[in-house]
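Please look over the following structure with its aromatic side chains in mind. The briefing below begins with ring pairs and then turns to the fold and the surface.

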Amino acid sequence: MWKEISVLISKEVTLEWRQKFALNGILLYVVSAVFITYLSVGARQGNISSPTWNALYWIIILFSAVNAVAKSFVQEHQGRQLYYYMIASPEAIILSKIIYNTGLTLILALLGYGVISMILGNPVQDQGLFLLNLVLGAMGFSASLTMVSAIASKAGNNATLMAILSFPVIIPILLMAIRISKNALDGLDWSVSVDKLVTLLAINAIVAVTGYILFPYLWRS
């Protein structure tokens, strides 16, 4: 199965590299969102409060992740899905999508972190905790949005359905990520954030395992 996963991931990378307009559009969204925020609120280096910086960052990353991951199954037409059905197991397909989307979301999160740090300043005092939170947040976003994208693709690629289904799943992950990043901005000791990190990791595991178990039944339909 791991060979199938590696081949499917390389396929995703190849398609993304060929269709550069999709990735370039998402990158442009991240940069332009930060710059528009800079122009609209008149923020300067160090001239914005930590809670506002934290809220703006996660708003940008959330919508970037939705735009990046939403196309996981929506862009796959029926003929290509039938071809995948014949050559790969459903477990390999869902795991390859989650792994690829995690990497893509993490790249967007790091890019957004660099851009917002250059334009609005960087108030983060604990870089290690903040980066660990980014990794866990990217895993949670990609796992939940990938499964929701698969469900929406079976319902006629209904974008409204994806928005409705993803909202209750994303909220717990987003709340934990915001709280952990707030602790990192304040420079609090790691012991304060351990329970939140464990909770976020548990949510990610539940979402990933649920998708791994339920996706084969969805795939057969």
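Ring pairs join Trp53, Tyr57, Trp58, Tyr113, Phe130 and Phe141 into a cluster, where rings of Phe, Tyr and Trp (its six-membered ring) pair if their centres lie within 6.5 Å. This is a predicted model, in which local features need pLDDT of at least 70 and side-chain atom pairs count only at pLDDT 80 or more, while totals for chains, interfaces and linings use all residues. Residues are numbered from 1 along each chain as its sequence is written, and side-chain values use heavy atoms, with hydrogens and water left out.

**Aromatic pairs**
- A search of the whole structure finds eight aromatic pairs.
- Trp53 and Tyr113 form an edge-to-face pair, 6.3 Å centre to centre with 80 degrees between the planes (planes under 30 degrees apart count as stacked, over 60 as edge-to-face and the rest as tilted).
- This pair links Trp53 in helix H3 (residues 50-69) with Tyr113 in helix H6 (residues 90-120), 60 residues apart, helices being DSSP runs of H or I with at least four residues, numbered from the N terminus.
- Both Trp53 and Tyr113 are buried, that is, under 20% relative accessible area with a 1.4 Å probe and protein chains only.
- Trp58 and Phe141 also pair edge-to-face, at 6.4 Å centre to centre and 75 degrees between the planes.
- Because Trp58 lies in helix H3 and Phe141 in helix H7 (residues 127-154), the pair ties together parts that are 83 residues apart in sequence.

**Fold**
- The protein has nine helices and zero strands (strands are E runs of at least two residues).
- Of its 221 residues, 46% count as buried.

Conventions:
Buried < 20%, exposed > 50% of the residue type's maximum accessible area, 1.4 Å probe, protein only.
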